[in-house]
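Biologist: Hi! Could you walk me through this one? I have a few quick questions.

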Amino acid sequence: MTKTLLSLALAAATAVPAHAALTAGDIAIIGRINNGAPDSFAFVALSNIAAGEIIYFTDNGWTGSAFRGASATDGDGNENLTRWTAPSAISAGTIISSIGGGFTTSGGIAGTSSGSYASLALGQSGEQIYAFQNSNTSNPLFNTATQTHLFAFDDTNGFENATDSSSGNVGKGLTAGTTALTFAFNGSTSIHVKTSVLGGAAKTKDEWLATFANAQNWEAGALPTGSIAVSAVPEPQTYALMLSGLLAVGFIARRRRG
């Protein structure tokens, strides 16, 4: 009986479903081109992304409490908003381009009377790209209470509250130097993480974030494609469930002996 219970506990621990919503650093922006037609960027999944998951990208700067220009009626703020919907399950390590599939770059934004989805128009004198989710699909840029920020990329070599199209601060719940990166790259029309770095050995999510945070690991050139190797790290709740199952087995075994 004890062996059976132990097997059931281990099976339950390994059957924990992955949560759908993403958290900060589950994706990272690893390149952008600001003189394209349209301008473009690339991001990499550092965790698995379920089919149908929605991520928003904007070049509106963060004011410290909201995206600049977003309002109850203006859905794209002072700059632009684009939406990506995962067309299928995306494995950790997959690199995705903004000129690829899944992006919505036209049409009205639900819950607003003005503004529409569009490709990001990245300024050459300084710009930011923010990635976020919103459990409320009505006016997602404006409704900050339900936003989960995932990553921010800034090329002005400093964060500050947004007052114009070239400025922006660390987004909601992000950490400067880890999930919010700023570099002196605004003089480069194209910039991305070095191909040699992306093709290196497998790293955990945190190790990749630390790699991306090093300015020496970036170079000019075409946006990367393909995938990187991401080492899996079991989720904390898996350990917790496994431990609780083992404790339960031990308690039952002691009761039987008693």
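Predicted model: local features only at pLDDT ≥ 70, side-chain atom pairs only at ≥ 80, totals over all residues.

Biologist: Where does Asn 157 lie?
Modeller: Asn 157 is in the loop between S8 and strand S9, which covers residues 180-182. Its backbone has a point to note too: phi is near 65°, a positive value in a residue other than glycine.

Biologist: Which loop holds Asn 139?
Modeller: You'll find Asn 139 in the loop between S7 and S8. Asn 139 also has a positive phi, about 50°, although it is not a glycine.

Biologist: And is Asn 139 buried or exposed?
Modeller: Buried, because its relative accessibility is 3% and buried means under 20%.

Biologist: You mentioned S7. How many of its residues are buried?
Modeller: Seven of its seven, so strand S7, residues 128-134, is mostly covered. Gln 128, Tyr 130, Phe 132 and Asn 134 point one way from the strand, while Ile 129, Ala 131 and Gln 133 point the other way.

Biologist: Which strands are joined to S7 by bridges?
Modeller: Strand S3 (residues 54-58) is joined to S7 by three bridges, and the two run antiparallel. Strand S8 (residues 147-154) is joined to S7 by seven bridges, also antiparallel.

Biologist: New topic: which residues touch the most other members in the largest nonpolar core?
Modeller: Phe 57, Trp 84 and Phe 212 do, in a core of 41 residues. A second, separate core has 13 residues, among them Ile 109, Tyr 130, Leu 141 and Leu 174.

Biologist: What about Gly 115, where is its place?
Modeller: Gly 115 sits in the loop between strand S6 (103-104) and S7. Gly 115 is partly exposed, with a relative accessible area of 31%.

Biologist: What does Gly 115 touch, leaving out residues up to four places away in sequence?
Modeller: Gly 115 touches Asp 74, Gly 75, Asp 76, Gly 108 and Ile 109. Asp 76 is 39 residues from Gly 115 in sequence, with the two C-alpha atoms 5.0 Å apart in space.

Biologist: Last one: which residues does the cis peptide bond join?
Modeller: That bond joins Ala 37 and Pro 38, with omega about 10°. Pro 38 lies in the loop between strand S1 (27-33) and strand S2 (40-45).

Key: Residues numbered from 1 in each chain as written. Heavy atoms only, no water. Buried < 20%, exposed > 50% of the residue type's maximum accessible area, 1.4 Å probe, protein only. Helix = DSSP H or I, 4+ residues; strand = E, 2+ residues; numbered from the N terminus. Pairing = 2+ DSSP bridges. Core = buried A, V, L, I, M, F, W, Y, C linked by side-chain atoms within 4.5 Å. Contact = heavy atoms within 4.5 Å.
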